[in-house]
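Thanks for taking a look at this one with me.

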Amino acid sequence: MPLSHDVVIVGAGPTGLTLAAELKLAGVDVALVERRTDQSVAGSRAGGLHARTLEVFDQRGIAGRFLAQGQTVPVVGFNLAALAIDDLPTRHPYTLALWQHRIERVLAEWVDELGVPVLRGIDADGFAQDDAGVELALADGRCLRACYLVGCDGARSRIRKAAGIGFPGWDATTSWLIAEADTAEEPQWGLHEDAHGVHAIGRTEDGRARIVLTERRLAPGGDPTLKDVRGALAGIYGTDFGIHSPTWVSRFTDMARQAAEYRRGRVLLAGDAAHVHPPLGGQGLNLGVQDAVNLGWKLAQVVAGLTSGALLDTYHAERHPVAARVLRNTMAQVALRRTDTRSRALRGMFAELLQVDEARRRLAAEMSGLDVRYDLGAGHPLLGRRMPDLDFDTTHGPLRTYALLHGARPLLLDFDVPGGSTSRRPGRIGSGTCARAARAPGTCRRTAPSPPPPPCWCGRTATSPGSATAAMPDSPTPSPPGSARPRARPGLSVKPAPDRPSRHAALRTPPAGVVAMMTALPLCIA
């Protein structure tokens, strides 16, 4: 008889790990299936977390784990420009430079602390779904039964293909070689541009050379070799710098594709399984983490029987447009990197435009993920935007919004309680529970849930009712009444996060090595 879980996730990369944690925090029985035997990653791969992703992790109380290991730089990369973001409205006005293997290690430790089972060294071998659930066949002959299956298994997703979900988009026009290796000679560090494109050489954590080279023509399929890298280096720099002992050689292209639907029945997609694009600007890993946080609370609500499966359709409705825009801006960056005279002229005009603060801020907010707005219909200008991390001055001490979201539960902030009293003490967070029935293995039957109040925070006031706002666990903001700025209340004053000089402002012009690794090519932050 197959093992039974509420949700099975295929793929334990950053997206799958984040989704597993979100579900576990919500009380869902979730399991991960991962083909790797451990969390090691070939090569440095992605190299950073953007401001919005750091906000998401801050909402779960783990942002400090990443910050302790990385380097903050108050810019985001767009094409060859470093756009300052230290004046954007966030507690994290910077990009955190941190390699993917460290990011995954932090997430894996978090998931382990939460007690999520991970089946390692096993491939998914297909699935069958019916009205009651999904049965996943594993390559070792075992089966897992779940209410829902989520494919977080990368660009070549077996789950997406088995579900018959289309993956339309644009074929590759350009390819890059990437390698990490030792060199006998000192390489030419930094950026180098020639008639064929932009190239870059930076350092890995252990001092090796990390090389990204634009190929003269679109390369055919197949894995590249050290010989290919040597030839490309000699053609670009006139020498191969005595490159030897590679730890990673790979190739990527500017192919851009997106799943036609993020949900088919009881099967859902997230991360690279749902969208692929060139890693310009370092958006891929961040996009997948934010997919996971949007999907997690919705899936938890449906599994618990608190709402119908129709809620899962909002996952596609909200996240598909966000990824579509990322595909658009990465394709634009590829176009801006072309080296013909007309493209250079366009690049120059674009660089001048970005000297205008409003243009720079708008594009920087898009690249950092801070400007995402879900279409929740007409209403207040803040409707569908991210919940700000407000500071609360209360009679019970200071609080901030994100500290109230660590449990990944819905949050209600009510600043007007009729009659000047409330059944909850100011500063208390209530947590709801859901009654569940015993179920047979492989079924998804639940008892009708007892309707708990959403976790909330209530404040005393003697004023009229009507000033409240709510945030779901991925913190889109519903429409608050009145002014966009919170009003002070007797006994409960609320103020936004203070406008303070960033301690990172001195890094407005980041070190040359960081610029090389962030803005040269799709170098590291993906």
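How many bridges join strand 4 to strand 7? The answer comes in point 5, after some orientation.

1. **What you are looking at.** This is a predicted model, so local features are given only at pLDDT of at least 70 and side-chain atom pairs only at pLDDT 80 or more, while totals for chains, interfaces and linings use all residues. Residues are numbered from 1 along each chain as its sequence is written, and side-chain values use heavy atoms, with hydrogens and water left out.

2. **The whole chain.** The protein chain holds eleven helices and 29 strands (DSSP runs numbered from the N terminus: H or I of at least four residues for helices, E of at least two for strands). Of its 526 residues, 53% are buried, meaning under 20% relative accessible area with a 1.4 Å probe, protein chains only. Among contacts (heavy atoms within 4.5 Å) between residues at least 6 apart in sequence, 74% link residues at least 24 apart.

3. **Helix 1.** Helix 1 covers residues 14-25, and its twelve residues reach 17 Å from first C-alpha to last, close to the 16 Å expected (1.5 Å times one less than the number of residues). Ten of the twelve are buried, among them Pro14, Leu17 and Leu23. Those buried residues pack against several elements, including strand 1 (3-10), helix 2 (51-59) and helix 7 (284-303). After the helix comes glycine 27, with a positive phi near 85 degrees.

4. **Threonine 90.** Have a look at the loop between strand 6 (81-84) and strand 7 (95-97), where threonine 90 lies. Threonine 90 counts as buried because its relative accessibility is 10%. Its side chain makes a polar contact of 2.8 Å with the side chain of glutamate 55 (a pair of N or O atoms within 3.5 Å; within protein, one must be able to donate a hydrogen and the other to accept it, and residues adjacent in sequence count only if both atoms are side-chain atoms). A polar atom of the threonine 90 side chain also lies 3.0 Å from the backbone nitrogen of histidine 92.

5. **A three-stranded sheet.** Now back to the opening question: three bridges join strand 4 to strand 7, and the two run antiparallel (strands pair if DSSP finds at least two bridges between them). They belong to an open sheet of three strands in the order 3-7-4, with antiparallel pairing. Strand 3 (48-49) and strand 4 (71-73) are the edges, each with a single partner strand, so one side of each has no neighbour in the sheet. To find the pairing by eye, look for glutamine 71, which stands opposite alanine 97 in strand 7.

Note on methods:
Buried means under 20% relative accessible area, exposed over 50%, partly exposed in between (1.4 Å probe, protein chains only).
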